[in-house]
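Good morning, and thank you for joining the group meeting.

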Amino acid sequence: MTTSALRRQVKNIVHNYSEAEIKVREATSNDPWGPPSSLMSEIADLTFNTVAFAEVMGMLWRRLNDSGKNWRHVYKALTLLDYLLKTGSERVAHQCRENVFTIQTLKDFQYIDRDGKDQGVNVREKVRQVMALLTDEERLRQERTNALKTKERMALEGMAIGSGQLGFSRRHGEDYSRSRGSPSSYNCE
């Protein structure tokens, strides 16, 4: 376990963070790698629960308000936000539109690391992407449709792998389709 992971665990206990808040903190850590898609998927599923939604978004807004040496918190929070806009509850987009000023202020985010590299450029680019989604209703709807199709396909492939049927279905071109529901209804064992 890394020192930063241990420090994060201690803070989680001291601050009595909920499971949802802990997941967001992990996904938006200062570690030099991106948040795992499996963790972002779990967080997206949590946004369909009213209580967990409030906890997820509360921690996300807190991370978006970080600055300076914690630029990765901001960048990863925007990465997670982009993912939640596409795969989470529609309330995510609604709340983002209500708080659009918080996101817009990040378009001027500045941070130059000790090696002289402008890390703020990553944040500014991600803000541009998130704002493009929030301001184009049709594009957001299309991205959500595509993300749902991808999630359904992945869930079905996961079930097929678990049952040993993936090779058969691909060879014979069977179409596995599933009735549409919220992403939280997909619980693959």
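The secondary structure of this chain consists of 10 helices and 0 strands. Followed along the sequence, the pattern reads α-α-α-α-α-α-α-α-α-α. Please keep in mind that this is a predicted model.

Let me turn to the chain as a whole. It has 189 residues, of which 41% count as buried. Its accessible surface is about 11,000 Å², and carbon and sulfur atoms supply 50% of that area. Among the contacts with a sequence separation of 6 or more, 66% are between residues 24 or more positions apart.

I come next to helix 5. This helix covers residues 71–87, which makes 17 residues. From first C-alpha to last, helix 5 reaches 24 Å, close to the 24 Å expected at 1.5 Å a residue.

The remainder of my talk concerns charged pairs. In general, side chains of opposite charge can pair when their charged atoms come close. In this model, the count comes to 10 salt bridges, and I shall present three of them.

Lys23 counts as buried, at 16% relative accessibility, whereas Glu42 is partly exposed, at 37%.

Next, consider Arg128 and Glu125, whose side chains meet in a salt bridge at 2.5 Å, N to O. Both residues lie in helix 8 (residues 120–135), where a spacing of 3 residues separates them by about one helical turn. Arg128 is partly exposed, with a relative accessible area of 49%, and Glu125 is also partly exposed, at 32%.

The last pair is Glu143 with Arg139, with closest N and O atoms 4.0 Å apart. These two residues are 4 residues apart in helix 9 (residues 137–163), again about one helical turn. Glu143 has a relative accessible area of 23% and is partly exposed; Arg139, at 36%, counts as partly exposed too.

Finally, salt bridges with shared partners join Glu19, Lys23 and Glu42 into one network. Thank you for your attention.

Conventions
Residues numbered from 1 in each chain as written. Predicted model: local features only at pLDDT ≥ 70, side-chain atom pairs only at ≥ 80, totals over all residues. Heavy atoms only, no water. Expected span 1.5 Å × (residues − 1). Buried < 20%, exposed > 50% of the residue type's maximum accessible area, 1.4 Å probe, protein only. Contact = heavy atoms within 4.5 Å. Areas by Shrake-Rupley, 256 points an atom, 1.4 Å probe, with all protein chains shown as cover.
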